[in-house]
Amino acid sequence: MAKELTSLTRDDIQDIAVSMNNSAANLFRLLENLLTWARMQQELIPFKKEIITLHLIATESLEPLKESAKIKVIEITYDIAPEIKIFADSNMLQTIFRNLVSNALKFTPQGGKVNILAKTTSDKSFVISIEDSGIGMNSNMVDHLFSLDIKTSRMGTDGESST
């Protein structure tokens, strides 16, 4: 915006300002959740398990990622029945959703799709899936995904950094 200010209309500036405001608010929420997660890892915050609506947690947790999806023109869809309720810690579940969908967005090329699914099973449990049209992982990466001594990171489809 600073480089092109003289060529922007008032409406362009308004649109950019709204986008910047949304991005800043989403970044704040993301950092807040990251700090909460770090405190939980250090056992400074106890797990707070409660009955929560899965669809609501999924949509709330993915709000900070909407701008990234918009930039890459990636469609995010949900297939989560609104009546699915679970007993879990909402902060941890939001962290899991954000991490998985963030990776899906990072490794999905522009114009791709990410779908979040949740289905109940016959034994009153449920399965959550994050599906994407991304580049996937080879078997070597999958085998070493949780090995701290082996590097499995690579650049995203638009050069995004990875850990």
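Q: In what order do the elements of the protein run from the N terminus on?

A: In this predicted model, where local features need pLDDT of at least 70, side-chain atom pairs count only at pLDDT 80 or more, and totals for chains, interfaces and linings use all residues, the order is α-β-α-α-β-β-α-β-β-α. Helices (H or I, at least four residues) and strands (E, at least two) are DSSP runs numbered from the N terminus, and the protein has 5 helices and 5 strands. Residues are numbered from 1 along each chain as its sequence is written, and side-chain values use heavy atoms, with hydrogens and water left out.

Q: Does Ser23 count as buried, partly exposed or exposed, and what is its relative accessibility?

A: Buried means under 20% relative accessible area, exposed means over 50%, and partly exposed lies in between, with a 1.4 Å probe and protein chains only. Ser23, which lies in helix H1 (residues 10-41), has 29% relative accessibility and therefore counts as partly exposed. Of the 163 residues of the protein, 26% count as buried.

Q: How far apart are Ser23 and Ser7 in sequence and in space?

A: Ser23 and Ser7 are 16 residues apart in sequence, and their C-alpha atoms are 23 Å apart in space.

Q: Which charged end sits over the ring of Phe107?

A: A charge sits over a ring if NZ of Lys or CZ of Arg is within 6 Å of the ring centre and within 35 degrees of the ring normal. Here the charged end of Arg154 sits over the ring of Phe107, at 5.2 Å from the ring centre.
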